[in-house]
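Q: I have the sequence and the model open side by side, and I'd like to go through them with you. Could we start with the strands and then move on to other things?

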Amino acid sequence: VKIFNSIVCFPWQGDKNNGFDVLYHNMKHGQISSKELSDFIRERATIEEVYSRSMTKLAKTASNCSQLGTFAPVWDVFKQSTEKLAACHMELVRKLQELIKEVQKYVEEQAKNHKKTKEEVASTLEAVQNIQSVSQALQKSKENYINKTLEQERMRKEGATQRDLDKAGLKVKKATETYKSYVEKYANAKTEFEQRMTETAQKFQGIEEEHVLRMQEIIHSYCQSVEETHIQIGEVQEEFVKNMENTSVESLIQKLAESKGTGKERPGNTYLNDFFLRLSYFLFFSLLGTSRGPSPVTLASQDALPIAVAFTESVNAYFKGADPSKCIVKITGDMTLSFPSGIIKIFTSTPSPAVLSFKLSNTSRLEQIMPNQQLLHSDSSQSDTNTKDFWLNMPALTAYLRKISEQNPAASYYNVDILKYQVCSNGIQSSPLNLVVYWKCTSSTTDLRVDYRYNPESMQSPAALTNVQVLVPVSGGVTNMQSLPNAIWNAEQSKSLWKLSSGSLRAKFELSDGPSVPATLAVQFFSEGSTLSGVDMELVGSGYRLSLSKKRFATGKIDFRLHQSNIYTITRRCYDSRSWCYYNSLDFNTFSAYAQACSFVIEMSLCVCVHSQAAIWLTAEI
């Protein structure tokens with residue numbers, strides 16, 4: 001017998017059999033405790049958020065301190081450490097908010113389970129009410145039996161008449177029968193009560209055991225989140241102590257000399273170096289592949305080391321008919337850093353080269369960021385959604401650059417893939433080129449029309465689309481083509497190619513073996529000097545300078561099984577009209593019913609059904 005049975009199953013545990021009420025209300029109190037725990041965690045999250053915002057405010061105070069003088073770099077250490085502490089507490093806020101959602105979900109589950117349990121134990125409640133009612137009636141009948149018996153005995157002692165004694169005897173007999181009847185009813189009610197209460201007590205105990213386990217799991221998650229935050233705070237504090245220990249008098253004076261010194265080379269050489277650097281980076285990104293030939297740049301360990309960055313984005317779009325709401329756009333990007341070959345010697349000869357840190361801006365427009373886990377570190381707990389800080393693992397970067405330099409020692413610059421990202425898209429509004437295609441296919445000709453429009457609103461800084469091309473496969477044995485603007489027809493591949501400026505294109509194809517099957521339309525374009533995301537990079541700290549920043553986007557790979565080229569896609573599909581479209585004796589409704597019965601799938605298609613002398617264009621999805 002489980003623990004709860006000792007409370008409710010046996011009538012001698014309470015004269016009024018109130019154990020059911022005790023356990024039922026105990027179950028309801030479990031829901032109250034869940035809500036109270038949720039409120040407690042919410043209050044803790046609020047306190048952590050207030051503290052995090054206060055630390056962020058303090059970090060801004062450190063950044064506003066004087067950046068002049070030898071002591072200026074120390075404020076950067078304070079600022080970074082305080083920002084990381086604020087991020088640790090904000091990360092705890094995020095975890096606690098997720099935990100609150102979990103508790104709220106459990107509270108809702110509790111309410112449903114309690115309602116279900118109440119319905120399931122309704123028969124037990126009836127048994128409780130029955131035994132309570134029978135118990136009261138039994139007690140009254142017992143008292144009545146005792147009173148009648150005593151009354152009969154009293155009358156016999158007092159010498160009452162035989163007639164009165166007979167009347168009293170009848171009353172005793174009636175009281176005895178009633179008392180006996182309620183004893184039997186009580187025995188039956190007691191049996192049913194104990195049976196149902198045994199089952200109900202087990203059910204209540206199961207609910208309470210599950211409740212306590214769930215509460216323990218929630219508290220364990222709470223403790224784990226707090227403990228992880230404390231560990232992170234300890235790591236930040238340890239890092240702060242090490243940074244302060246490494247901030248010696250000599251290093252502060254050296255940094256002052258690096259930031260304020262006029263240099264060791266003649267100004268002419270510096271300008272010449274920068275010119276060659278920009279020229280080489282430009283050639284590198286046009287062709288921070290890897291450019292060939294000796295490096296014209298001479299680097300010194302005390303100089304601000306030059307790097308270049310390139311953002312390359314690929315836009316993929318899937319247009320489904322003329323409905324803009326059905327357009328799907330996916331934009332991905334790559335960030336690449338380029339390092340001059342001379343930097344490897346500096347990295348390998350310096351025990352602790354300056355950590356290369358940078359900040360990405362406009363990250364609120366990014367849906368996902370995937371850094372190079374081997375080379376790049378980031379603070380995942382940052383509260384500012386529009387910026388994100390990163391820093392490179394310098395030993396890993398040095399080893400990587402040394403490895404690729406050994407493989408290609410003649411290179412002047414080396415390319416390193418730093419991170420990839422996916423841009424938040426808003427359907428057709430995120431596509432720089434919007435298109436709609438129309439097909440009209442008969443047995444002898446195919447008419448094609450493509451409307452397209454440049455969409456500058458998709459870019460933060462609008463840039464022109466160049467090298468815009470449209471490629472369309474046309475089946476059915478094309479014998480002649482007429483188009484505006486003019487197109488190039490490839491008879492071997494049965495494809496037509498247009499190079500466009502703006503507006504629309506129209507074409508008519510004469511066929512020898514028609515009709516054509518509407519096919520996939522391929523579009524290519526390129527844009528230099530801008531990105532669709534608007535994401536940008538800014539170096540943080542000293543030791544490096546950004547010599548060149550390149551931005552561009554182009555059509556990318558389509559993530560559909562139908563296509564495997566760098567294209568935009570507009571899908572048109574229909575079944576061979578020769579096999580089922582021409583039913584001269586069927587009306588339109590009959591034809592549609594026939595198509596549905598045969599499970600023909602028509603996706604954004606235009607098919608011809610000839611009825612008598614009229615051509616019916618079917619444009620529905622079945």
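Q: Which residue in β7 stands opposite G333?
A: In this predicted model, G333 stands opposite Y421 of β7. Strand β2 (residues 328-340) and β7 are joined by 10 bridges and run antiparallel. Strands here are DSSP runs of E with at least two residues, while helices are runs of H or I with at least four, and both are numbered from the N terminus; two strands pair if DSSP finds at least two bridges between them.

Q: Before we go on, how are the residues numbered, and what does the model count?
A: Numbering starts from 1 along each chain as its sequence is written, and side-chain values use heavy atoms, with hydrogens and water left out. Because this is a predicted model, local features need pLDDT of at least 70 and side-chain atom pairs count only at pLDDT 80 or more, whereas totals for chains, interfaces and linings use all residues.

Q: Back to β7, then: what stands opposite V423?
A: That is L366, and the strands concerned, β4 and β7, run antiparallel with five bridges between them.

Q: And how many of the residues in β7 are buried?
A: Eight of the 11 residues in β7 (413-423) are buried, so the strand is mostly covered. Buried means under 20% relative accessible area, exposed means over 50%, and partly exposed lies in between, using a 1.4 Å probe and protein chains only.

Q: Which residues touch the most other members of the largest nonpolar core?
A: Those are L337, F358, L401 and M537, in a core of 69 residues. A nonpolar core is a set of buried Ala, Val, Leu, Ile, Met, Phe, Trp, Tyr and Cys residues joined through side-chain atoms within 4.5 Å. Strand β1 (residues 305-319) gives the most to this core, with eight residues. There is also a second, separate core of 14 residues, including I41, A45, V103 and M215.

Q: Changing topic: what is the strand order in the open sheet of four?
A: The order is β8-β9-β14-β11, with antiparallel pairing. Strands β8 (433-441) and β11 (478-484) stand at the edges with a single partner strand each, so one side of each is left without a neighbour in the sheet. Between β8 and β9 (residues 445-454) there are nine bridges, and V437 stands opposite V450 in β9.

Q: What is the phi of N467?
A: N467 has a positive phi of about 55° although it is not a glycine. N467 sits in strand β10 (residues 466-473) and is exposed, with a relative accessible area of 53%.

Q: How many disulfides turn up?
A: A search of the whole structure finds zero, taking a disulfide as a pair of cysteine sulfur atoms within 2.5 Å. As for individual cysteines, C327 counts as buried at 6% relative accessibility, while C424 counts as partly exposed at 37%.

Q: Last one: where does pLDDT stay under 50?
A: Among such stretches are residues 6-13, with 20 contacts beyond four places in sequence, and residues 289-297, with 26. pLDDT is the predictor's confidence in each residue, from 0 to 100, and the protein averages 76, with 76% of the residues scoring at least 70. Where pLDDT is low, the predicted coordinates should not be read in detail.

Definitions and conventions. Contact = heavy atoms within 4.5 Å.
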